[in-house]
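Subject: Structure for you to look at

Hello,

Here is the structure I said I would pass on. My notes on what was found follow below it.

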Amino acid sequence: MREEYKKSILDKLADKLVIGIGKFITLFKKDWMEKNRSKLEEWRLMLYALNRSPPALIGLFLVILFIFVGIFGPYLAPWKYNFFPTLYTSNYSQVYLVPPGSRATLEYYNNTVISYPLGSDHYGRDLLSLILQGARTSFVISIIVIALGVPLGIILGLVAGYYGGKVDELIMRITDMFLSFPALILAIAFSAVLPDRLQALITSHPVLEKLVLAIFALDTREAGNLGRLLAVIVAMIIVWWPGYARITRGSTLTEREKLYVEAARAVGLPTRTILFRHILPNIIGPILVYITLDFGSVVLMEAGLSFLGLGATPPIADWGRIVYDGAQYFPRCWWLVFYPGLIVLLTALGWNLLGDGLRDILDPRTRRSIEFKVKKQKEGEEGA
């Protein structure tokens, strides 16, 4: 007797998610589900492949946790990042570095006794609150760098690969110039040069200043420190696009010679349509994997620049800056290095695990293998 097939809970959730997405799109495009059954099936098989990859699921969990804390961290923090209390221990001796799990008395707050689950920094601030606030900083920077740097690289790579000739030569030589410098060194150079110019730009545009403060969940008193924070973002965007330009260009060179591109040219489709509606969807798989892996790299580089003193300045919370400040008291105050360092490690690990999983999920051979197994199990269920 054939083995009975039973879907796992994750597979059932995958089916409901795909159907839900299809119904949502159908609200705006009539009969979309009927016309795109094959696409929905591919999405379902991708989710099945994800369900069968424990490392990818762990990475997905860590990534979702990072995104959640990045969005809601400042509102979940017990204390504001710029709250500098005067602390006293049980014997009323004044302290600033409180170990994890300790309690301290807040002066000027009716001698309220509070606990510090992860300890405090050298200013007496709650380390847990700083880590939650720092998640917003890392999250926003990674989103902006990927959202602006990646499209720039993709567009330049598509243009270079499709047109070839002098256009390709010009774009690729500029790309080679950027790639010839170590990314961290180039980012350090731009981060050191740009702060004053960006601060002047922010100060002269109050609306932009309020927008940036709101995005990073900062108080208005930090308006004078935004230049250094934005300099890191601009520096990382400048050094991030060349890798995507080279990857996209290589894939475009292969795709432009295929019959579907020749057919698109023959019917007179504009170049923009050929690039973005025909070539790009067929080369997006490796780029998506690269983007996922790069999220972790952005978090690491941003923390590295802050550790070198080029990113956010206190009291703005940033994981790299917390580690830098805590290193001065290590190993006596180990928690100032251990906890933020662990958070950076888990965040980068999550993106890398998810990226490795996507590499297999987006492989058509992997999906076909899963489809074969699912069909075989269904046949077993029907014949049982």
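A residue counts as buried when its relative accessible area is under 20%. The model is predicted, and everything below was computed from it.

By that cut-off, Trp319 is buried, because its relative accessible area is 2%. Trp319 sits in helix H13. Setting aside neighbours within four places in sequence, Trp319 is in contact with Phe66, Ile131, Gly134, Ala135, Ser138, Val299, Pro340, Ile343, Val344 and Thr347. Tyr339 is 20 residues from Trp319 in sequence, and the two C-alpha atoms are 9.4 Å apart.

For the chain as a whole, there are 15 helices and four strands. Of the 384 residues, 45% are buried. Taking contacts between residues at least 6 apart in sequence, 71% join residues at least 24 apart. The accessible surface is about 20,400 Å², and carbon and sulfur atoms account for 65% of that area.

Aromatic pairs

The whole structure has 15 aromatic pairs. One of them is Phe24 with Phe28, an edge-to-face pair with 5.3 Å between centres and 70° between planes. Phe24 and Phe28 are both exposed.

Phe307 and Tyr324 also pair: their ring centres are 5.8 Å apart and their planes stand at 90°, so this pair is edge-to-face. The Phe307–Tyr324 pair links distant parts of the chain, since Phe307 belongs to helix H12 and Tyr324 to helix H13 (residues 319–327), 17 residues apart. Phe307 has 35% relative accessibility and therefore counts as partly exposed. Tyr324 has a relative accessible area of 33%, so Tyr324 is partly exposed.

Tyr339 comes up again here: ring pairs join Trp334, Trp335, Phe338 and Tyr339 into a cluster.

Empty space

Rolling a probe the size of a water molecule over the atoms shows where empty space is left.

The largest pocket holds about 600 Å³ of space. Which elements give two or more residues to the lining of this pocket? They are helix H3 (37–51), helix H4 (54–76), helix H12 (271–307), helix H14 (335–361) and helix H15 (364–383). H12 gives the most, with 12 residues. The lining of the largest pocket has 29 residues in total, and Ile284, Gly285, Pro286, Leu288 and Leu362 lie nearest the centre. By class, the lining of the largest pocket divides into 21 nonpolar, three polar and five charged residues.

There are also two cavities of 30 Å³ or more. The largest cavity has a volume of about 90 Å³. Its lining has 14 residues, and those closest to its centre are Asp121, Arg125, Leu130, Ile322 and Asp325. H13, the helix that holds Trp319, gives the most to the lining of the largest cavity, with four residues. By class, the lining of the largest cavity has seven nonpolar, two polar and five charged residues.

The second largest cavity has a volume of about 50 Å³. Trp79, Lys80, Tyr81, Phe83, Pro85, Tyr116, Gly124, Arg125, Asp126, Ser129 and Leu130 line the second largest cavity. That lining has six nonpolar, two polar and three charged residues.

Regards

Technical notes: Residues numbered from 1 in each chain as written. Predicted model: local features only at pLDDT ≥ 70, side-chain atom pairs only at ≥ 80, totals over all residues. Heavy atoms only, no water. 1 Å grid on protein atoms, 1.4 Å probe; cavity = no way out; pocket = protein on both sides within 12 Å on 5 of 7 lines; lining within 4 Å. Points joined across faces, edges and corners; volume = space filled by probe spheres on them. Nonpolar A, V, L, I, M, F, W, Y, C, P; charged D, E, K, R; others polar. Phe/Tyr/Trp six-rings, centres within 6.5 Å; stacked < 30°, edge-to-face > 60°. Buried < 20%, exposed > 50% of the residue type's maximum accessible area, 1.4 Å probe, protein only. Contact = heavy atoms within 4.5 Å. Areas by Shrake-Rupley, 256 points an atom, 1.4 Å probe, with all protein chains shown as cover.
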